[in-house]
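This report covers selected parts of a multi-chain model. The sequence and structure come first, followed by the description.

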Amino acid sequence: MKLNSETFVLLLVIAVLALVPLADISLRAILLLAISLAFPALGLGLLLRSGQVSFGHALYYAVGAYTVAVAQKLHVTDVFLTLALALAASMVLGLILGAILSRYRGIFYGMLNLAFSMVGFTLLLKLYDITGGSDGMGILRPTFLGHKFSNPQTAWAIYYLAVAVLVAGILFLEQYMRSAPGSALGAIRTNETRLEYLGRSARQVFLAGHVISAGFAGVGGMIIAYSTSHVTPELAYWTLSAEFLIVAIFGGAGSFTAITIGALAFVLLRNLISSYVVDAWQLILGIILLGIIMYMPDGLWTLFRKKPDAKAP
Amino acid sequence: MTHTPDTTAPILLEASHISVRFGGVTAADDINLQVRQSEVLGVIGSNGSGKSTFLNLCTGYIRAAAGEIRFQGRPITHLSPREITRLGIARAFQHPQLFLDKTVLQSIVLGVACRNRFWSLGTVFQPGYRAKADAIVRTFGLGDYADTLNSALPEGVKKLSDIAIAMALEPSLLLLDEPTSSVSSANKFIIMDTLMPILRNSGVTTIIVEHDMEIVERYMDRVVAWDSGQIIAEGSFSDIMRNEDVRQRVTG
Amino acid sequence: MTHFALKAAVAALALPLTLGLGSAQANEPLRVGVTTFLSGPGAVFGVPAKDAADLLVAEINAKGGIKGAPVELIYLDEAKGIDDVVAQYKQLATAGKVDLMIAGLSSSTCLALAPVIEDFEMPAILWDCGTHRIFEENDFDYIYRTGDLTPPNNVSIALYTLKHNPEIKTIAGINPDYAFGRDNWESFRTAMQALDPDIKVVAELFPKLGASDYSSEISRLSALRPDVVFTTLWGGDMNTFIKQASSRSLFNNSTLVSSNGESALQELGDAFPEGAIIGARGDSWFLGPRTAHNPEHTKFVEDFKAKTGHYPIFPAYHMAQSVTALQQALEKGWDGTPENLTKGFLAGMDGLALDNFTGQLTIRPDHQAIEDQIIGVTVKSPDYSFPILKQMTYIPAELITPPVGTTTAEWAKTLSPKLLDQVTIAQ
Amino acid sequence: MNQIVLLSLLDGVAMSSVLFLLAVGLSLIFGVMRILNIAHGGFYAIGAYGASLLGQYLIGASGSWLNFIVLLLVAVVAGIVLGFAVEKLVLAKMYDKEHVLQILSTFAVFMILEDGQKLLFGVRPYFYDAPLVLLGTIDVAGIFYTRYQLVFLPIVALLVLASLMIFFRRTQTGKIIEAVIEDTEISSTLGINTKKIYTYTFILGTFLACLAGALASPSTSIVPGIGAEVIVLSFAIVATAGLGNFFGTALTSLIIGLAYSISVYTYSEFTNVIPYLVMALILIVKPYGLFGKKELARL
């Protein structure tokens with residue numbers, strides 16, 4: 001990866017995530033929340049490359065979170081194992097639903113995602129014996145390869161694990177966009193016909209994108225589960241899906257690093273605002289969002305983007 | 001520029017008794033046509049004569065009501081465009097189908113990747129693919145536009161870019177739909193003069209649907225004249241132009 | 001729109017301000033985290049409890065605090081969602097900004113928060129939630145419950161109901177779709193059927209918490225015409241259900257039975273049906289005969305009325321129980337030094353027996369408080385703008401509470417019609 | 001058994017009429033403007049809060065026939081003010097933007113309205129059922145139904161449907177809008193002033209949303225977050241019907257309403273999932289909804 005401005009910003013983000021909590025421990029939780037939000041937003045960022053939006057990715061977020069809870073119920077407490085399980089569970093569900101969803105584009109893709117997520121939300125609410133209904137499920141302190149650490153140690157370990165996974169995730173997405181299936185994602189937006197006439201299935205390309213985005217949402221859910229020690233059906237509610245989308249747009253569909261910054265900015269901004277005025281966060285966010293949509297449609301990405309030469313020489 | 005057709009060359013594509021109709025219009029009526037290895041076949045006909053239909057039939061875009069199309073001896077009548085493409089039939093479009101968010105080079109590299117190992121996390125700009133793509137860009141004289149977004153290309157260049165992407169698939173049969181339509185008469189020869197050598201050197205068999213008689217006369221080895229879903233004449237340009245019908249119904 | 005845990009961080013940024021004030025005082029203040037519903041439908045329950053807590057803590061501080069340490073309350077709003085409350089608590093605890101917890105109006109909050117608090121080894125009192133699962137499924141060292149648990153609430157009202165009307169043959173339940181609702185219905189149903197095996201259950205409805213419309217459910221209940229409609233809907237949900245049901249005359253054919261109905265009397269006023277059998281989830285009620293003539297109680301009721309314009313409802317009493325229990329425990333067991341706070345609290349809570357204006361309760365070895373249950377029948381009163389209770393009866397705790405070490409399920413099996421003979425209700 | 005069928009039918013009809021009023025405005029706006037208006041939920045909530053608060057304030061718990069004037073008044077005023085403001089201040093600037101951004105802009109408006117309500121009306125639940133009590137109840141097979149839900153709401157729903165039909169079939173403006181629904185491109189080339197039509201349509205849609213809220217308020221308790229609850233529900237209906245088709249919307253409302261109430265009597269555990277199950281199933285079979293057209297498939 002050559003050191004262009006974007007790489008530099010990424011390194012900066014990593015440094016911030018790694019060092020700030022050491023300076024002020026009470027920021028650790030906030031940053032962890034931002035990270036858990038960044039994952040689904042990154043997933044949606046990938047889908048935005050194909051010009052598609054989902055109003056239902058909270059479903060995969062919730063699946064990731066509940067996987068941790070259910071795994072613990074079955075005495076699987078290892079962090080790395082639950083990470084793998086959350087990833088697998090959300091991707092498998094993504095594959096099953098994606099098999100249907102990949103036929104749809106635009107509003108219908110977005111709406112059908114919404115419908116599935118609301119079904120999931122209601123199931124989590126109603127399958128009382130498995131999910132505890134609206135009580136949700138508690139998450140205990142996990143083990144690390146068999147070691148159980150003290151409460152503070154565990155918190156630190158989970159935080160840095162999350163940071164590491166986030167960086168890995170960003171690097172993966174950037175590599176994916178350099179690969180053939182990733183580069184073909186853009187074709188979903190511009191010209192599926194040509195893709196078909198290059199002998200490749202637009203539907204499969206889109207499905208792959210959907211499954212990966214589901215996986216990212218799932219990992220985000222796994223992190224939120226550990227950071228709050230409790231999961232509830234709210235994690236699947238549509239407003240959360242919309243929040244992911246906002247963060248993605250906030251950062252800008254053009255750059256995964258930007259989306260990560262978007263998540264950080266989003267959460268920090270929320271805390272700042274909420275600590276001064278009660279019940280006005282959504283109002284202010286709404287106004288900010290309108291501003292970004294109208295005057296900065298490419299989000300924070302505009303700040304350090306290199307546009308490919310758009311005019312003929 | 002035209003070559004005398006090699007009648008001994010093996011048959012690459014064979015359409016037998018192909019019929020298809022849309023509503024009342026007969027687009028193809030019991031068509032029989034053979035295309036031989038490495039020839040450049042021109043399909044002419046008035047608008048709505050069904051000449052473009054033939055390309056759509058060959059690529060599986062529309063299904064024949066009756067008859068069969070064989071490619072390299074293998075029936076392709078019921079295959080999807082994707083499957084047919086995978087067998088080695090590539091096409092360009094009258095209205096170029098381009099990835100408007102990609103540069104010319106990016107699109108061609110993606111084309112090369114589609115032809116080779118597509119499902120891999122490897123960078124699409126890997127040396128192997130890159131070299132192939134660069135070669136294509138060079139031969140098509142697209143060097144100046146390599147890093148220009150397709151959306152920003154002038155019309156004529158769009159056409160070339162569209163064909164270049166098709167060539168990235170290294171097809172054994174190339175289908176071109178009016179490659180010089182909506183191009184200034186000055187540029188149309190430039191396009192064809194870039195294109196033909198490439199086709200000749202690569203030895204790719206080509207079917208060109210064309211309504212511009214100058215182009216047909218200059219570049220086609222063999223011509224079939226199409227009218228209301230039927231082939232009314234077949235042979236070299238000069239041959240079929242002796243045919244009264246053709247002069248009237250096709251070129252007239 | 002629930003911001004679940006993300007909102008947690010609010011606390012982190014907001015708290016330094018509030019805490020700054022506290023630490024300015026001479027003695028290190030006791031920083032007590034309190035979770036209750038401050039907004040949403042639950043506020044109908046949670047805000048009176050907050051008022052009671054503020055009232056009592058003001059008194060305590062006016063008298064010099066507990067062992068010289070002023071008490072300082074840090075509220076967490078349960079309406080923001082369980083995840084949010086847990087996350088906020090973790091923030092406070094991690095940053096060392098809270099010493100004690102008074103937690104859990106909602107059973108969901110208790111089930112979620114208790115293990116986390118225990119993990120931080122922080123002393124805590126569960127003040128209102130009723131779920132029996134707390135101490136039956138866990139063995140907590142740091143957590144006590146001054147509020148009582150679900151089985152007594154419902155076994156007592158089942159006994160009362162059958163005493164009041166032995167002819168009951170069919171019952172239906174409509175309860176909120178979470179631990180509290182399901183546990184209450186479960187223990188009421190089993191008690192009724194144990195006390196009278198002929199009783200049939202005709203419907204078990206669990207509308208989701210905060211449902212805004214019960215029309216279809218009411219149609220179904222009206223169609224089934226059960227002798228008893230049992231509900232533990234609460235707060236805004238209770239109000240909505242009762243109003244919608246009353247306007248459709250559901251209670252002409254069915255008796256309303258609610259083990260937590262007392263809390264809805266003042267909210268609903270005359271919309272609340274007469275002849276309903278209701279409980280107050282404990283032995284405290286502002287007109288309860290036992291405390292009616294206790295001057296402390298009179299003062300509490302008057303202050304509360306002056307502060308809020310309402311009479312205290314049972315959540316207010318539950319909060320009062322936990323605050324006074326906390327005070328009594330610390331004054332008994334704590335030497336006043338911050339480092340011994342936890343030890344002192346645990347020592348003080350063990351075997352604590354409370355007998356004050358809130359009524360009587362004793363802490364069992366399993367950290368669970370037990371108390372009698374006051375039950376009555378609603379009747380319109382010239383003196384109040386809302387129905388009050390007649391035929392008030394205290395059902396003794398020992399008859400209706402699973403003994404230590406016995407799970408509710410096992411204990412429920414031991415219930416039999418014979419139990420009815422040991423109870424007499426006021427006529 | 002028959003009784004159950006009858007009752008769930010009655011409940012279903014009562015519910016369907018609310019669902020229809022809820023969804024038809026959304027459907028109309030999408031049909032004409034191709035915008036999925038998330039703010040719709042916020043408009044509904046404001047209609048509900050406005051109606052019950054104003055009723056309480058002006059008339060009081062006793063209630064009188066004026067209540068119905070108030071219901072309508074609130075819907076009209078809120079509809080015109082909100083509709084005009086949002087269309088002019090936000091949407092007018094969005095028409096040339098990507099569809100994703102258009103949707104998000106309406107979501108931004110939705111969020112602003114959500115907190116606006118909290119600041120204006122507080123967080124305690126409201127329940128003002130005077131209009132409902134006023135109309136009294138009727139006895140069907142020994143069950144008491146409120147005339148309001150069983151008679152009044154369905155009639156209003158039918159009136160709205162009828163007047164929409166007349167408006168679109170008979171009036172000039174209606175025909176023009178119809179044309180726009182059929183094909184935006186063509187209509188603009190026909191020199192139809194789409195801008196003006198967009199404004200009218202959005203105001204009309206907003207009015208319908210506020211009306212739905214106002215009419216629903218007497219039979220439901222109004223709490224923060226109802227907007228979010230109803231918007232997904234109306235999305236489900238509109239998408240199932242086929243976006244932009246409000247006759248389909250009426251039918252779908254009926255289907256979902258009935259399915260819902262039947263589930264209360266049979267599988268009450270899964271009542272809340274019914275609308276989305278219906279939607280998912282129908283969309284899987286008919287990808288563009290019951291009455292949808294393919295051209296809507298692309299953003």
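In this predicted model, C:L126 stands opposite C:R145, a residue in strand 5 of chain C. Strand 4 of chain C, made of residues 124-126, is joined to strand 5 of chain C by three bridges, and the two run parallel. Both belong to an open sheet of five strands in chain C, in the order 2-1-3-4-5, with parallel pairing. Strand 2 (71-77) and strand 5 (143-145) of chain C are at the edges of this sheet; each has a single partner strand, so one side of each lacks a neighbour in the sheet. On average, and with direction ignored, neighbouring strands of the sheet are turned by 20 degrees against each other.

Two helices lie across strands of this sheet. Helix 3 of chain C (residues 82-94) lies across strand 1 (30-36) and strand 2 of chain C. Helix 4 of chain C (residues 107-119) lies across strand 1, strand 3 (100-103), strand 4 and strand 5 of chain C.

Chain C also has an open sheet of seven strands, in the order 7-6-8-9-10-14-15, and here the pairing is mixed. Its edges are strand 7 (200-205) and strand 15 (388-395) of chain C; because each has a single partner strand, one side of each is left without a neighbour in the sheet. Neighbouring strands in this sheet are turned against each other by 20 degrees on average, direction ignored. Strand 6 of chain C (residues 170-174) pairs with strand 7 of chain C in the parallel sense over five bridges, and C:A172 stands opposite C:A203 in strand 7 of chain C. Helix 7 of chain C (residues 179-195) lies across strand 6, strand 7 and strand 8 (228-231) of chain C.

| Helix of chain C | Strand of chain C | Angle |
|---|---|---|
| Helix 3 (residues 82-94) | Strand 2 | about 145 degrees |
| Helix 4 (residues 107-119) | Strand 3 | about 165 degrees |
| Helix 7 (residues 179-195) | Strand 6 | about 175 degrees |

Chain C is also in contact with chain D: 24 residues of chain C meet 30 residues of chain D. On the chain D side, at least two residues each come from helix 1 (2-33), helix 5 (130-135), strand 2 (143-146), helix 10 (226-241) and helix 11 (246-265). That side of chain D divides into 16 nonpolar, 10 polar and four charged residues.

Within chain D, helix 1 packs against helix 6 (residues 147-170) at an angle of about 40 degrees, the axes being 9 Å apart. The crossing of helix 1 of chain D with helix 6 of chain D is left-handed. Helix 1 of chain D contributes residues including D:L10, D:V13, D:F20 and D:V24, while those from helix 6 of chain D include D:Q149, D:L153 and D:V160. The residues of this contact divide into 12 nonpolar, two polar and no charged.

Chain B has nine helices and 10 strands. Its radius of gyration is 18 Å, close to the 18 Å given by the globule rule for 252 residues, so chain B is as compact as a globular protein of that length. Along the principal axes, the C-alpha atoms of chain B fill a box of roughly 55 × 40 × 40 Å. Of the 252 residues of chain B, 48% count as buried. Among contacts in chain B between residues at least 6 apart in sequence, 68% join residues at least 24 apart.

Terms used:
Residues numbered from 1 in each chain as written. Chains lettered and ligands numbered in written order. Predicted model: local features only at pLDDT ≥ 70, side-chain atom pairs only at ≥ 80, totals over all residues. Contact = placed C-beta atoms within 7 Å. Helix = DSSP H or I, 4+ residues; strand = E, 2+ residues; numbered from the N terminus. Nonpolar A, V, L, I, M, F, W, Y, C, P; charged D, E, K, R; others polar. Pairing = 2+ DSSP bridges. Axes fitted to C-alpha atoms, helices over the stretch in contact; angles between N-to-C directions. Rg over C-alpha atoms; globule rule 2.2 N^0.38 Å. Buried ≥ 20, exposed ≤ 12 C-beta atoms within 10 Å, placed from the backbone. Left-handed = near helix turned anticlockwise from the far one by under 90°.
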